[in-house]
Amino acid sequence: MNSIGIWHGIEHVFIEQSLVAAFAVVGGLILVSNYAAKRLTNGRVHGSAIAIVLGLVLAYFGGLYTGGKKGVADIPALAGIGLMGGAMLRDFAIVATAFEVDVIEARRAGLLGVLALALGTILPFIVGTLTAVAFGYHDAVSITTIGAGAITYIVGPVTGAAIGADSTVMALSIATGVTKAVMVMVGTPLVAKLIGLDNPRSAMAYGGLMGTVSGVAGGLAATDPKLVPYGALTATFHTGIGCLVGPSIFFLTVRALVG
Amino acid sequence: MIVFGVALLAACTLIGVYLGDLLGIALGVKANVGGVGIAMILLIAARIWLDRRGKLSNGVKFGVEFWAGMYIPIVVAMAAQQNVVAALTGGPIVIIAAVGSLVLCFGAVALLSRFGGRSHAGAQAAHAGAVIEGEADEIAPRREV
């Protein structure tokens with residue numbers, strides 16, 4: 001068999017065993033990241049932080065290479081990454097992290113979580129709408145859709161679809177949410193100490209404020225795994241609340257303001 | 001048995017997501033409202049219930065904790081399928097809106113965690129961290145034969 005034949009054979013196995021292949025590839029990625037964390041940063045940077053950034057870098061090149069929207073998952077041989085990191089298994093694993101949550105601690109931070117959820121919906125929306133106005137958008141529909149995108153990349157299109165935004169504005173709105181999620185993943189470990197993100201209570205505030213489940217999931221994994229369930233607990237309510245107020249209260253408020 | 005742990009986790013997830021969908025419909029929203037959060041609360045309640053009745057076996061624990069330990073690899077896979085190209089080529093409006101809300105929200109976290117008071121992660125939370133990191137020693141203690 002020549003080298004092309006061998007390559008096709010490997011590719012065939014990867015396509016046929018897509019999820020198994022994803023386990024092996026991700027395991028290898030984490031192995032390399034842990035080694036780099038230990039050797040190159042002397043343990044200062046968490047191995048999972050490097051793995052997540054590496055994943056994002058690969059997603060960038062995967063996106064450039066295929067022209068698709070799903071990073072490396074659009075490459076047929078790596079399609080299993082799409083299943084492994086998709087919403088189904090992500091939510092399954094997030095629920096599993098709750099198994100050993102300190103119930104007393106979580107209950108004590110309940111009110112803080114609610115306050116964080118409210119702020120986490122209002123603040124990004126205001127920033128998003130002001131940015132939209134600054135860039136010359138004057139109609140309530142576009143301003144609201146872009147503002148909603150700053151909440152999360154799901155709230156943006158859901159709101160936009162509900163109030164009839166055009167596709168360019170929808171694309172901008174989604175891109176804003178995706179950019180925010182990516183920045184939360186990369187930025188959280190960098191600012192964790194500065195913002196006091198080192199205990200269950202602040203993790204619940206963080207989850208409610210950052211919202212985007214993928215951002216929070218990645219950000220906390222890269223910072224301190226024991227905080228994951230607390231942040232996830234509040235973050236999972238964020239998108240639903242955003243979808244609730246985006247096309248209703250927020251849209252009506254913006255329409256009242258810009259006419 | 002391990003499968004009971006996995007099935008418990010699955011049942012909690014399904015019920016939670018279903019209730020989240022119902023909540024969404026009740027509120028007139030085209031989205032799931034807190035389904036995963038409800039599922040997490042169900043799982044916590046199930047653990048306490050099993051623990052009290054002395055039915056929290058190592059198998060059940062392992063079935064759930066295995067998936068908690070797969071959390072970080074799954075997040076890495078999730079990162080690898082983000083639309084990073086769109087994020088980096090969105091232009092100034094996207095960057096400004098994202099960075100602006102991020103800075104403001106990080107600031108609010110700092111503020112809330114200061115006013116909310118600090119809490120200490122107890123032994124339970126520390127063990128949970130080790131499980132999620134995939135490095136807990138006591139995931140499945142070997143039974144004497």
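Okay, hi everyone. Let's start with chain B: 46% of its 145 residues count as buried. Buried here has a cut-off: a residue is buried if 20 or more other C-beta atoms lie within 10 Å of its own, exposed if 12 or fewer, and partly exposed in between, with the C-beta atoms placed from the backbone.

Some housekeeping before we go on. This is a predicted model, where local features need pLDDT of at least 70 and side-chain atom pairs count only at pLDDT 80 or more, while totals for chains, interfaces and linings use all residues. Residues are numbered from 1 along each chain as its sequence is written, and chains are lettered from A and ligands numbered from 1 in the order in which they are written.

Back to chain B, then. What is its secondary structure made of? It has seven helices and zero strands. If you're new to this, helices (H or I, at least four residues) and strands (E, at least two) are DSSP runs, numbered from the N terminus. Of the contacts in chain B with a separation of 6 or more, 62% are between residues 24 or more positions apart. And a contact means that the C-beta atoms of two residues, placed from the backbone, lie within 7 Å.

Now over to chain A. You'll find 13 helices and zero strands there. The radius of gyration of chain A is 20 Å, close to the 18 Å that the globule rule gives for 259 residues, so chain A is as compact as a globular protein of that length. That radius is taken over C-alpha atoms, and the globule rule is 2.2 Å times the number of residues to the power 0.38. Along the principal axes, the C-alpha atoms of chain A fill a box of roughly 70 × 45 × 30 Å. Buried residues come to 62% of the 259 in chain A. For chain A, 66% of the contacts with a separation of 6 or more join residues 24 or more positions apart.

Chain A also comes with a domain assignment: domain 1 covers 3–85 and domain 2 covers 102–258. Those bounds come from an automatic or database domain assignment. The centres of the two domains of chain A, taken over C-alpha atoms, are 28 Å apart. How many residues of domain 1 of chain A are in contact with domain 2? Six of them, and they meet eight residues of domain 2. On the domain 1 side, that's four nonpolar, two polar and no charged residues. For those classes, Ala, Val, Leu, Ile, Met, Phe, Trp, Tyr, Cys and Pro count as nonpolar, Asp, Glu, Lys and Arg as charged, and the others, Gly among them, as polar.

Next up, the place where the chains meet. Here 77 residues of chain B are in contact with 97 residues of chain A. Which helix of chain B gives the most to its side? That's α6(B), with 19 residues. By class, the chain B side has 51 nonpolar, 20 polar and six charged residues.

Let's zoom in on one helix pair. Helix α5 of chain A, residues 87–97, packs against α2(B) at an angle of about 40°, with the axes 8 Å apart. The axes are lines fitted to C-alpha atoms, for helices over the stretch in contact, and angles run from 0 to 180 degrees between N-to-C directions. From α5(A), the residues A:D91, A:I94 and A:V95 meet B:V36, B:A39, B:M40 and B:L43 of α2(B). In that contact there are six nonpolar, no polar and one charged residues.

Helix α8 of chain A, residues 140–149, is mostly covered, with nine of its 10 residues buried. The cover on those buried residues includes α7, α9, α10 and α13 of chain A, together with α6 of chain B.

A:L209 sits in helix α11 of chain A, residues 200–210. Is A:L209 buried or exposed? It's buried, because 34 other C-beta atoms lie within 10 Å. A:L209 and A:A116 are 93 residues apart in sequence and 5.1 Å apart in space, C-alpha to C-alpha. Leaving aside neighbours within four places in sequence, the contacts of A:L209 include A:L119 as well as B:C105, B:A108 and B:V109.

And B:I132 is in helix α7 of chain B. B:I132 is buried too, with 29 other C-beta atoms within 10 Å. Not counting residues up to four places away in sequence, B:I132 touches residues including A:T97, A:P225, B:A68 and B:Y71. That's it from me, thanks!
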